[in-house]
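Please keep the sequence and the structure in view while reading.

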Amino acid sequence: MSLTSAQRLHRLKRRLIELHQWTVEKAVELDGWTFNGAPQRRGEPWPTRDGVAIFKHSPVAISASWPLERTRLELDLGGEGLVRIDYSEGRTESFGLDPNHQRFRLKAGRFAIEAQVVARFPFGTPNRDARLSRARLVLIELELCGLVLRLQQVIELAEVLGEHEAVGPVLCAGEDALGRLAWPTATAAYVARVASTEEIQSIWQLPEGLPDESAGLDAAARASIWEADKLLVAHLRRARERYPHNGALALTGHAHIDLAWLWPLAETRRKACRTFHTVIGLMERYPEFRFNASTAQIYAYLEEDDPKLLEAIKEKVAVGQWEPIGAMWVEPDTNLPTAESFARQLLYGQRCFERLFGRRHNVCWLPDCFGFSPALPQILRLGGVESFCTTKMNWSETNRMPFDLFWWEGLDGSRVLAHSFNNPVGGYNAELGPRAVCESWKNFRGKHRHPESLLAFGFGDGGGGPTEEMLERQRQLDDFPVVPALRSVRVAEWFDALAAKVKNEGDVPVWVGEMYLELHRGTLTTQGRTKILHRRAERALITAETLAAMAALLGADLPPSLEDYWRVVLRNEFHDILPGSSIREVYEEAEVELGEIVAAGLKIQGAQVAWIAAKLAGSGTKPGILVVNPDLSPRPLRLISPENLPNGQTVDGGSVLAGKTSIPGLSAAIVLDPPLGSDLTVADNCLENAYIRVELAKDGTITSVFDKRADREVIAGRGNQIWAYADKPRSWDAWDIEEDYARHGEEIAAAALDIVETGPHRAAIRIARRFRDSEIVQTVRLWSNSARLEFKTEIDWHERRVLVKALFPLAIRSDHAIFECAAGVVRRPTHRNTSWDEARFEVAAHRFVDLSEHGYGVALLNDGKYGHHALHNELGMSLLRSPVYPDPLADEGRQSFTYALYAHEGDWLSGGVLAEAEDLNQPLLGEVVKADAESTWTAARVGGLQLGLCGLKRAEDGGALILRTYEPAGARGRVALSLPRGWRLGDEVNLLEDRIGPADLCFSPFQIRSWRIERPA
C-alpha cells in the first residue's frame, strides 16, 4: 500500500519530534543567581516586576570534557533583556535575550553572567508570572541539530509545494535519510528521552524509576547522523538539478524596532542595544550575513548609551556587513507632517549618518507606515534619495496595489524607484524558510521586469532580529530544489543595480500620486492632543526660525540652529507615535516634550519680535503696535494678544484687534492708532459683518451662512452638526474606523447658547453641548474683517469607543474636493463610483479641505485635525475618537482646537484659502510699541506666481540663510525676489543644503525650491 503525501509528511513530523529529544546530550543547571543583589532560586517568581532587574551569576566553569564548540548557554530569566558574559581572561560579550534568542554560544570555558531584564515580552506584553525559568549549560549534538533543521525544511518545502511533482523526490530524500539512522532503543534511556513530549505527557501514569539524565547518543548513532545528513544533501542536490531554483531573492537581515509602540522610548533604547549586540555576534560567525537598520535617532541613542557597541557597528559598516539605511531621523508617519518636517527628517538624518558612518543614504526604508503622501517623491529626491521600499501597501483590505516594482511619481512629477515585497510569513519580519521564500517569489509581480525580489528577515517590531537558525536555514536552502536562489545583499547596492537595469526600460509601470492605505484610517484622529501639540510645535519652530532670519536680514546676528528642538519634533513623528497607535506612557512623554518645544519656540518668537520692534520703532512717542507677518501671503490686520492692545477689544484671556490694514508677507509693520472694527453685529442667534450673515438654531447648528458679497447661501441644511458614532472596529482598535460607522450615530444637540463677545473687533456665541459624561463647548466667532467663521472648541471627554465628527452640508456641487497635503494639495472624488473611491471614506488633510464649483467655493479649515471626508456636498471633520487599545485612556479629559468655515469667490488659492488656513494656524504676531510714524519693512518680497512658505532658516554651515518655498496649487511661472540692502540671492540648494546651481526663480507645478540668501563677500 502506498502512502499519500500527507501521510508521509505526518510520519516525517513524528520522527522529527523523536529526533529533537536527542539534540541535547547533557545539561548542567546553573544555580546561585542573585536578583538585584538578593539570592534568587531557579523557578521562583521575581520579588518585583518593576523597572529593570539585574541578574548576576558567579563564575561558571565548563567541564573540561565538554568541547566548547558544542557547548551552549540556555537562559529564560523571565523577560526581555541584555546578557553580558564576562570571561575570566578579560573579554566581554553581550547578547539580546528574548523568547526567540535564548541559546548562546560561548568563547571560553570560564565566565560570569550579568543580565539586565524587564518583565516583558518583545511586544511589550507584561510577564505577570516572571520567574527565572531556565538557566543551564547544554552540550548539544551539533550534527543532529543540523539534520533536524534540514528535515524540518524538507517538511516545510513539501507543504508549500502542494501538488508540485518535486514533492515526491523531496519526501524520498527525507525518508531515505531517516532510514540511515542507527538509533538508541534501550528502554529506560529511550523512555526518559521522550518523556517530555506532548504524547508521552498525556499518559495516565509514567513508569517509575526513569533516570533523571538518560544516556546520549553513542558513536554508532553519531556516525549514522553524519551519513544520513550527507545522503539527504546529496538527494536534495540531485532533485535541484531536475527542479532548479525557481526565481531569486536578495536577502537582508532586519530587526524593525518601533521607536515607541507597546513600550516607551526608554525601552526602545534597551531593545536597540540588545538587538544590535546579537547581530554583531552573528556577523562574527556568518561572514556572508548582511543586516540593515534605519533610524538616525537610534544610532544617536547608541552614541549615548553604548558607545563601544556603536564602534563595533562602525567596523561592520566599514567592511560592508552592516548597512545603515533610510536617510531619515526616524521612520515617520507620512500623512501628517509638513513638508518642512520631512525636509528636516532628511537634513538631520543624513547629517547624522554622514557624521557617524561617513556616508549618506539613497534608499528610503519605510516598511510599516500607514500610507504615503504624494509629496514624498520630490522631497526624497531633494534629500539625496532615489529609491523607496515599503511593504505596508500589501495591507490594503479592498483594492490590491497593482505594482510591486514601479516608478512612484509625486505631485511635481519627480520619481523614485519603488519596490514592495509580499511575504506572508512575517512581512518585513520574515521567518526565513521554504514558505517565506517560495511565496514571496510567487507573489512578486515584477518578475518579468527584474529576475530578483528583495526580502528582509529577522524578528522585528519589538526587535530581536535574525537568529542563528535563520542563517543556517539560508545556507541549507542553497541545496534545495524549486526554492528561489538566495543571496545576501546590501539594500542600496541592490537598488542601484535595479535602477541601472530598468533606467531605459519603458515598460516599468508608474504609480502617480498618493499611496492611500485602505486600512488604519483612525490614525488620522486618534490621540488628538498629541497631534495638535505636534502641529503647534511645527509652527512654533518654523515661525521662530523665520522671525530670527527676518531679524538677521534687519541687522541682527545670524541665529543659532534649532536642530536640537527639531529632533524632538521629528522623534515624535514616528509612525506609531504621531498616528496615535501607542500606549499611554508614550503620549504622556510626547505631550510633555512637544509642549516644551511649543514653549521654547514661543519664547524665541517673543525675543525676536521684541528685537525687531526695538529696531523699527526707535524711541517714538505715539502708542502703536508692531505687527509681524511670518508668512509669504499678505494678511489683514488680525491680532490676538494676552496683553491689552491699543484700541483693542477685551476678551477672555487677553485682547483682540482687527482692521483693514494689510500686512505684506515676511514683513513687519508699525500701526499707529488702529481703527475700531465696524459692521459687526451679534444677536441671540445671529452673527453678521460686511462679508457674511450667520444664523444659528437652538440645537447649536448653523442654519444659514449667507455670503453678502456673492449674494448666495453657503450651506445646504444644518451646518456644524456634531455627531457621536459607535466606534468599535473589528480589529486594530486605535488604528481603524469601520466603513459603516455612520449607520450607528447620535447627534449631540446644544444645551445652551450665550453671547460672549460683542465686538467691535470680534463677536462670538458660546454653544454648550453634553454627551453622556462629556462636555463640548464651542465658541462660534466672527471677526469684523473676515468671512472666516470660527468654531473654537473645548472638549472634556469621558467616553470610550466613540468617534465624534462635525458635518457641513454645503450649497456646492463638485465631483471632487481639494485636500491640503505637504507642499501641495490632493484632489479626491466626492462620489463612490468605484471600489477605490469607496475605500477613501476617511482621508487626510492638513490645514484645509475645499469644495468648489466654478467661481465659488467653501473651505473647512483647522488648526490641528487631520481626518476628513468629502461625500457629495458634505464636508466632514473627525474631532475625536477614544479607543481602548493600546491606550485605554486615549484622549481622556480636555483638549482644545479651532476649525473654521470659509466661503470664497474664485478657486481655493485665488479665494484666499491658503492664507486664511495659515492665519488660523499661525496668527500675526504683535508687540505694543511707541513710534513716531507708521512704516513697513519687508525681509523678502516675492512677486509673481503665488508661493507657499516652507521655511526661512539659518543655513547649517552658519554662513547664510535658507529660504524654502513651494508652488501650492499646480501652476507654472516665474517669481521675482527682492531682498534688503546688504543681502543677495545665492545659489539654489537641495534639502541637505548642498549647492546645486545658480538660483532658478521659475516654478513648475508643486515644485519646491530652496535658495541661499547671503551677504556679499
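Pro579 counts as buried because its relative accessibility is 0%; buried means under 20% relative accessible area, exposed means over 50%, and partly exposed lies in between (1.4 Å probe, protein chains only). The model is predicted, so local features need pLDDT of at least 70 and side-chain atom pairs count only at pLDDT 80 or more, while totals for chains, interfaces and linings use all residues. Residues are numbered from 1 along each chain as its sequence is written, and side-chain values use heavy atoms, with hydrogens and water left out.

Pro579 lies in the loop between α16 (563–571) and α17 (584–617). Helices (H or I, at least four residues) and strands (E, at least two) are DSSP runs, numbered from the N terminus. Leaving aside residues up to four places away in sequence, Pro579 touches Asp333, Phe370, Thr523, Thr526, Lys531 and Phe574; contact means heavy atoms within 4.5 Å. Leu30 is 549 residues from Pro579 along the chain, and the C-alpha atoms of these two residues are separated by 45 Å.

**Helix packing**

Helix α3 (residues 167–179) packs against helix α6 (residues 219–242) at an angle of about 165°, with the axes 8 Å apart. Axes are lines fitted to C-alpha atoms, for helices over the stretch in contact, and angles run from 0 to 180 degrees between N-to-C directions. The angle therefore makes α3 roughly antiparallel to α6, a term used for angles over 145 degrees. On the α3 side, Pro169, Cys172, Ala173, Gly174, Asp176 and Ala177 meet Ala228, Leu231, Leu232, His235, Leu236 and Ala239 of α6. By class, this contact of α3 with α6 has 9 nonpolar, 2 polar and 1 charged residues. Here Ala, Val, Leu, Ile, Met, Phe, Trp, Tyr, Cys and Pro count as nonpolar, Asp, Glu, Lys and Arg as charged, and the others, Gly among them, as polar.

How far apart are the end C-alpha atoms of α6? They are 35 Å apart, which agrees with the 34 Å that its 24 residues should span at 1.5 Å a residue; the expected span is 1.5 Å times one less than the number of residues. Buried residues of α6 include Ala221, Ser224, Ile225 and Ala228. Among the elements that cover the buried residues of α6 are α2 (142–161) and α3.

Helix α2 also meets helix α12 (residues 434–443): their axes come within 8 Å and cross at roughly 35°. In this contact, Gln153, Glu156, Leu157 and Val160 of α2 meet Pro434, Arg435, Cys438 and Glu439 of α12. By class, the contact of α2 with α12 has 4 nonpolar, 1 polar and 3 charged residues.

**Backbone geometry**

|---|---|---|
| Gly759 to Pro760 | about 15° | Pro760: between β33 (750–758) and β34 (762–771) |
| Tyr885 to Pro886 | near 5° | Pro886: between β44 (874–881) and β45 (893–905) |

Thr295 is not a glycine, yet it has a positive phi of about 80°. This residue lies in the loop between β12 (291–293) and α8 (296–305). Is Thr295 buried or exposed? Thr295 counts as buried, at 5% relative accessibility.

His872, also not a glycine, has a positive phi of about 55° and is placed in the loop between β43 (867–871) and β44. His872 counts as exposed because its relative accessibility is 53%.

How values were computed. Parallel < 35°, antiparallel > 145°, perpendicular 65-115°, else oblique.
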